[in-house]
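Morning, everyone. Let me walk you through a structure, one residue or region at a time. Please have a look at it first.

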Amino acid sequence: MPRTEWEAIAVDDGIAAALALALKIRPLTARILVGRGLGDSTRAGRFLSPKLADMRPPTGMADLDKALDRLVAAFTAGETIGVFGDYDVDGVTTAAVLATTFRAFGATVIPRCASRDAGYGLGEADVARFVADGCRVLVTGDLGTSDHDALRAARAAGLDVIVIDHHQIPEGESPAFALINPRRADDGFPFKGLASCGVAFYLAAALRSRLRDDPTRGVGFDPRDLLDLVALGTIADVVPLVDENRILVTHGLRVLTARKRPAIGALAKVSEIDERPFTAHDVGFRLAPRLNAAGRLGEAQLSLDLLLAPDAATAARLAEELQERNLQRQRLQEIIWTEALVAAAEQQHEPAIVVGAEGWHAGIVGIIAARLVDRYARPVVVVGFRAGEGRGSARTVPGFDLFAALSSCAAHLDRFGGHAAAAGMSVRAPALDDFRRAFLGAVADQARGRVAPPLHVDAVVGLGELDVSFAEELGRLAPFGAANAEPVFALCGLTTYGTRLVGQGHLQLTLESDGAIGEAIAFGMAARDPGTGASLDVLATAELDTFRGNRRARLKVRELFPRAQ
């Protein structure tokens, strides 16, 4: 059922008016910025016009200088450098950034990605393989912080490991040669929200600065050319798109749009993205799922090989292979989704849903959990079993702490990890029912006395305010994502001038209010068609629609609230 409670973010009208005057923007745009804590004209101006020059230098980034010294020594000695990235998009793009950078400085590089089948992280077998390949230095991407056993094995074998990561740091001193992770307690870099690919970009830029005066190394290397990879990993990892991340992604989308890297043109072709500027939505919903597909099904090496492809022909071949993996992932996903829906329906009156089955692919259960949360608006755990050994993913709605709930169920799990909003676990098939009962109890305990927070909207507006000019100006707040959500508006007392069903279950509406006419699309809401002449309140975002060369403002409906006639 749709929620009917919403409230507008409170804003000081005087501050909004002063900001609009100072930046020469519309009052509604200024109101949105003030509501997001950007009432100062200098900060708001930087937000609206992100510049690479505004990125803060890596002063105080722990172990950066130590890593630079070791890498420069490796370049000088001609040592082979191993690169090892996680199997998700952040890990793959981090590995691509590192390998591209080291090769630009003349190093021999062996780039690899983790295998989902082998389990998360850097393993001792991975270390042994790099040692056997003659590597003296190994640089990890998006993993390694917690892999102390493998790091100790590397140290014993004479392999210096430089960890590039952004995950939580366990207790105890790291056995890594160098650990570059903004979450270190002694790290002085002010922004803690970088994805691993962003940390790797800082390393690449610092190497360029360190070796700028060496005429024999890095000729023609420009770290800015790496920003397409950084944008891919940053958006896909759902880190906050503010501060340095906003700058990196804004400029990275421009590098993506230039399509200089063979992989990007090939990915765009199989993703059916035409010759237009890339958006964060394109990355999150079209490019990233394809890059993730190989890792979800086991081996992410295909995605890394694609990003490092030296020419268009190689990239085209690898992109087609990746597209086939993605289609395979989609087919598996729909089979599991159908089965999970049947299982979840039996628990629809419970405070949470816990489902699992033999044969459900461990790389897909997280997607299924997220879709079930969208469907049932409650915490969900989905477990895929292989020979009775289960690997699961948990997702939830705002207000529930998954990590706390799983902690109270630890006796029924082999292992678990994550945070409040998303988590993973290992559980054996005989323990699933006991885990389900314990998890339901933990969720019910948290729910006692909990009141669902209202939906927040950026402003209450009239239909006539959301015109083409405003939609264009609103684009300056993009890229949208975590910590910078697309603005949501409340429009009250609208009348449906016309409605029709389009696509697969979508609802298109023509709306009228006080003489203004506007178009809206409500994805997946065909069953809620109010018909012509209905009175509505609507929560929606606004966009500039350029379909078939037209330029018009269009609403994307989040919620429809019929009014009593």
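Start with histidine 251. Find helix α10, residues 243-258, and you will see histidine 251 in that helix. One reminder before we go on: this is a predicted model.

Is histidine 251 buried or exposed? Its relative accessible area is 15%. The cut-off for buried is under 20%, so histidine 251 counts as buried.

What does histidine 251 touch? Leaving out residues up to four places away in sequence, the list is Pro50, Lys51, Leu52 and Leu227. Look closely at proline 50. Its backbone oxygen lies 2.9 Å from a polar atom of the histidine 251 side chain.

Next, the nonpolar cores. As a general point, nonpolar side chains in soluble globular proteins tend to be buried together. Here, the largest nonpolar core has 102 residues. Leu71 and Phe102 have the most contacts inside it. Which helix gives the most to this core? That is helix α8, residues 196-210, with nine residues. There is also a second, separate core, with 41 residues. Trp337, Leu341, Ile364 and Leu406 are among them.

Back to phenylalanine 102. Its contacts, not counting residues up to four places away in sequence, include Leu71, Phe75, Ile81 and Val83. Leu203 and Leu207 are also among the residues that phenylalanine 102 touches.

Now some loops. Glycine 359 sits in the loop between β7 (353-358) and α15 (365-376). With 59% relative accessibility, glycine 359 counts as exposed, because the cut-off for exposed is over 50%. Now pick out arginine 500. It is 141 residues from glycine 359 along the chain, and their C-alpha atoms are separated by 41 Å.

Two aspartates come next. Aspartate 63 is in the loop between α3 (41-48) and α4 (64-77). Its phi is positive, about 70°, although aspartate 63 is not a glycine. At 23% relative accessible area, aspartate 63 is partly exposed.

Aspartate 514 is in the loop between β15 (506-513) and β16 (516-522). Phi is positive in aspartate 514 too, near 50°. Is aspartate 514 buried or exposed? Exposed, with a relative accessible area of 81%.

Last stop: proline 479. Look in the loop between α18 (468-474) and β14 (489-502). What kind of peptide bond joins alanine 478 and proline 479? A cis one, with omega about 5°.

That's my tour. Over to you.

Methods:
Residues numbered from 1 in each chain as written. Predicted model: local features only at pLDDT ≥ 70, side-chain atom pairs only at ≥ 80, totals over all residues. Heavy atoms only, no water. Helix = DSSP H or I, 4+ residues; strand = E, 2+ residues; numbered from the N terminus. Buried < 20%, exposed > 50% of the residue type's maximum accessible area, 1.4 Å probe, protein only. Polar contact = N/O pair within 3.5 Å; in protein donor to acceptor, adjacent residues only side chain to side chain. Contact = heavy atoms within 4.5 Å. Core = buried A, V, L, I, M, F, W, Y, C linked by side-chain atoms within 4.5 Å.
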